Number of protein chains: 2
Amino acid sequence: MQQITEYIAQNKERFINELIELLKIPSVSADPAFTHDVLHTAEAVKTALEQAGCDTVEIHDTKGFPIVYGEKTIDPKLPTILVYGHYDVQPADPINLWNSPPFDPVVKATEDHPEGAIFARGSCDDKGQMYMHVKALEFMVKTDQLPCNVKFMIEGEEEVGSKNLATYVAANKEKLANDIILISDTGIIANDVPSITTGLRGLSYVEVEVTGPNRDVHSGLYGGAIANPINILAKMIAALHDENNHVTIPGFYDKVEELSAEERAEMAKAPFSLEAYQKTLDIESVFGEKGYTTNERNAIRPTLDVNGIWGGYIGEGAKTVIASKAYAKISMRLVPHQDWEEITTLFTDYFLSLAPKGVRVKVIPHHGGQGYVTPIDHLSYKAAAKAYETTFGKKPIPQRSGGSIP
Amino acid sequence: MQQITEYIAQNKERFINELIELLKIPSVSADPAFTHDVLHTAEAVKTALEQAGCDTVEIHDTKGFPIVYGEKTIDPKLPTILVYGHYDVQPADPINLWNSPPFDPVVKATEDHPEGAIFARGSCDDKGQMYMHVKALEFMVKTDQLPCNVKFMIEGEEEVGSKNLATYVAANKEKLANDIILISDTGIIANDVPSITTGLRGLSYVEVEVTGPNRDVHSGLYGGAIANPINILAKMIAALHDENNHVTIPGFYDKVEELSAEERAEMAKAPFSLEAYQKTLDIESVFGEKGYTTNERNAIRPTLDVNGIWGGYIGEGAKTVIASKAYAKISMRLVPHQDWEEITTLFTDYFLSLAPKGVRVKVIPHHGGQGYVTPIDHLSYKAAAKAYETTFGKKPIPQRSGGSIP
């Protein structure tokens with residue numbers, strides 16, 4: 001039976017050229033100017049899945065950009081893997097920071113990539129990874145080595161919040177039914193340190209609005225005598241963390257999974273330089289929940305961050321106004337077992353309770369998602385670890401990502 | 001000798017028509033589209049001062065809009081009154097809230113003004129008051145009753161922060177030398193309750209900037225592990241007031257003038273309806289420094305208010321970013337003896353001390369001004385009070401304004 005290394009050697013040039021063609025299409029989902037290109041990319045993905053050997057490939061419309069669905073069933077009794085990926089990319093701005101045009105891919109060897117790599121928008125998020133799975137299927141189909149059923153669900157709105165994915169998934173439960181979901185849209189600890197992302201944090205995202213007087217008023221005539229919505233909002237936000245940077249929302253940690261000392265010791269083995277981390281961000285010190293390391297804080301612990309705040313006069317110079325309203329956008333990253341809807345309710349109740357008389361407060365939930373962790377004794381983890389070990393010659397390190405995908 | 005009531009009766013129609021012509025010129029200093037009109041208004045004020053009987057009238061250029069200076073000296077040995085006023089007006093937006101065009105004055109009787117009043121932008125801030133002083137001079141000059149020397153300093157930038165006034169005053173100390181400054185650019189307790197503004201609060205206005213990581217970062221990957229500038233800014237602002245809403249800046253109250261129980265009792269006599277105040281602003285409760293009434297809080301006590309705040313994502317929907325920077329504009333209204341430059345320094349030192357490691361903080365002073373109070377046993381107060389009593393048939397109430405003019 002033909003080996004994969006041999007197959008790659010024979011087809012490498014074609015693989016690279018095909019991927020380069022895909023990378024050339026500027027599928028920027030955030031910018032309506034690229035709508036045609038995003039749709040064109042969905043068509044290109046459909047063609048790629050067909051050529052790789054899928055039996056069925058369909059473009060499913062949503063309220064936004066379509067989802068490309070592909071399927072190769074060899075035996076309904078065998079397990080099914082669902083591959084998730086996305087064909088849209090982030091905007092390329094600021095253009096002047098690119099060394100080569102973002103949609104004109106170049107292959108270059110660099111210090112980080114001595115054997116060469118493709119530089120283009122989307123090459124590593126997520127067209128490159130998605131294409132790798134398509135080519136893996138091609139190899140297994142062509143050489144008759146596919147050991148299970150495979151489904152693909154490739155969306156076009158990951159970079160704009162996957163707004164229509166939940167509806168699509170709910171409406172197509174049977175079609176998408178699977179045993180394992182495979183996602184290659186996360187990071188790696190380092191080029192020479194293979195790692196498998198086993199967890200993603202969940203999310204609750206809310207917007208808050210604090211209203212004081214019914215109109216903007218003069219800070220001289222009213223200053224000090226009425227509740228200033230910006231000062232109050234600052235007090236309320238400040239009250240969301242205690243002096244040890246624990247989140248103060250009652251019940252927030254009730255369902256948080258506590259890792260054992262062994263599990264934390266295992267996590268701590270991942271190579272990590274605090275000095276390099278601080279240097280990259282140009283900060284003098286990290287900051288966060290007492291009793292946890294940086295890697296724990298952004299992986300196994302839930303967080304609460306203000307992502308945006310605004311109110312009053314924000315132009316040049318000075319204007320002595322007391323604003324009628326102040327606003328903030330607040331997100332909480334959640335860990336397994338924390339239910340995002342429950343957390344949103346806990347947040348809302350607590351936040352409203354922080355408001356003094358003299359202001360009115362609204363909390364508007366935006367969206368959310370559940371956190372998830374794959375147990376590392378699961379068959380799927382073991383299979384992925386074996387594949388990594390074969391390729392890298394090293395056992396991969398399991399790691400949890402702080403993000404929430406899709 | 002001719003009485004003023006008789007003079008007014010003879011000239012009323014001319015007075016009103018002259019003022020209406022002045023009000024027609026849209027002297028909006030904030031909007032460059034009206035530059036020509038602002039300059040035209042300065043010329044009109046010059047003409048009015050000349051016609052009223054000033055010996056010398058000059059238009060003095062500044063880096064912004066000119067200051068109109070007028071002078072009537074009858075005897076250098078007599079006291080001199082300097083009248084301050086401004087000929088610029090606020091922008092008229094939002095236009096649709098006007099019942100008649102802002103620069104097309106109409107005389108109308110209303111519930112508040114049963115004898116009729118002029119409705120136009122600037123009629124009561126400050127063209128109307130300024131014109132009243134010009135006509136008072138006219139009467140006294142024409143009837144040979146002027147008992148002192150009079151100077152006028154009428155500026156065109158009050159509504160945009162009087163940016164060039166300090167430089168002008170410093171450069172013209174001798175020309176402007178006077179015994180009493182008369183300003184009619186404040187409020188009155190009620191139409192039937194005459195009051196004299198005896199105090200103005202000072203001001204220190206600063207902008208603050210909190211920097212965390214050197215770029216906006218992903219709140220999933222970094223959330224909880226580094227200092228979020230918005231969260232930190234909220235904490236720092238929250239720390240500027242204690243649980244009794246006292247300002248916590250060390251030394252902030254050191255030089256604050258404490259009023260005696262008698263003085264506070266006198267202040268409390270001014271008619272004030274807390275219910276009406278709250279209803280007008282549509283607030284359930286007032287809010288402020290413990291131990292002081294609403295009228296004390298916005299007159300004899302210093303304050304600290306955030307006038308603007310911004311950072312991170314403030315568009316529609318959700319973006320899970322941790323911003324690199326967060327900003328706020330903060331003003332402190334000051335009372336007599338608090339030096340604005342000293343307070344700015346105290347604020348800066350304290351604010352910087354509140355920053356945790358992991359953020360960098362900048363404080364940029366914008367501008368300031370000293371607070372001032374006229375003693376009510378001063379000759380000038382007595383003269384003004386007598387004039388009010390003659391006109392209204394009631395003794396005026398001395399009151400302090402929370403604002404800062406010019």
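Two salt bridges are counted between chain B and chain A, a salt bridge being a side-chain nitrogen of Lys or Arg within 4 Å of a carboxyl oxygen of Asp or Glu. The model is predicted, so local features need pLDDT of at least 70 and side-chain atom pairs count only at pLDDT 80 or more, whereas totals for chains, interfaces and linings use all residues. Residues are numbered from 1 along each chain as its sequence is written, chains are lettered from A and ligands numbered from 1 in the order in which they are written, and side-chain values use heavy atoms, with hydrogens and water left out.

Between the chains, A:Arg360 pairs with B:Asp282, and B:Arg360 pairs with A:Asp282. The latter pair joins two chains because B:Arg360 lies in strand S14 (residues 360-369) of chain B and A:Asp282 in the loop between helix H9 (274-281) and H10 of chain A. Helices (H or I, at least four residues) and strands (E, at least two) are DSSP runs, numbered from the N terminus. B:Arg360 is partly exposed at 43% relative accessibility, and A:Asp282 is partly exposed at 41%; buried means under 20% relative accessible area, exposed over 50%, and partly exposed in between (1.4 Å probe, protein chains only).

At the interface, 75 residues of chain B are in contact with 75 residues of chain A, where contact means heavy atoms within 4.5 Å. The area buried between the two chains is about 5,800 Å², with 55% given by carbon and sulfur atoms; buried area is the accessible area (1.4 Å probe) that two parts lose on being put together, summed over both. B:Leu281, B:Phe287 and B:Ile309 supply 11% of the area that chain B buries against chain A, more than any other three residues.

Over all chains, the whole structure holds 37 salt bridges.

| A:Arg360 | B:Asp282 | 3.6 Å |

A:Arg264 in helix H8 (residues 261-267) and A:Glu296 in helix H10 (residues 294-297) are 32 residues apart, and the pair links distant parts of chain A. A:Arg264 is partly exposed at 26% relative accessible area, whereas A:Glu296 is buried at 5%.

A:Arg14 and A:Glu18 are 4 residues apart in helix H1 (residues 4-24) of chain A, which means a separation of about one helical turn.
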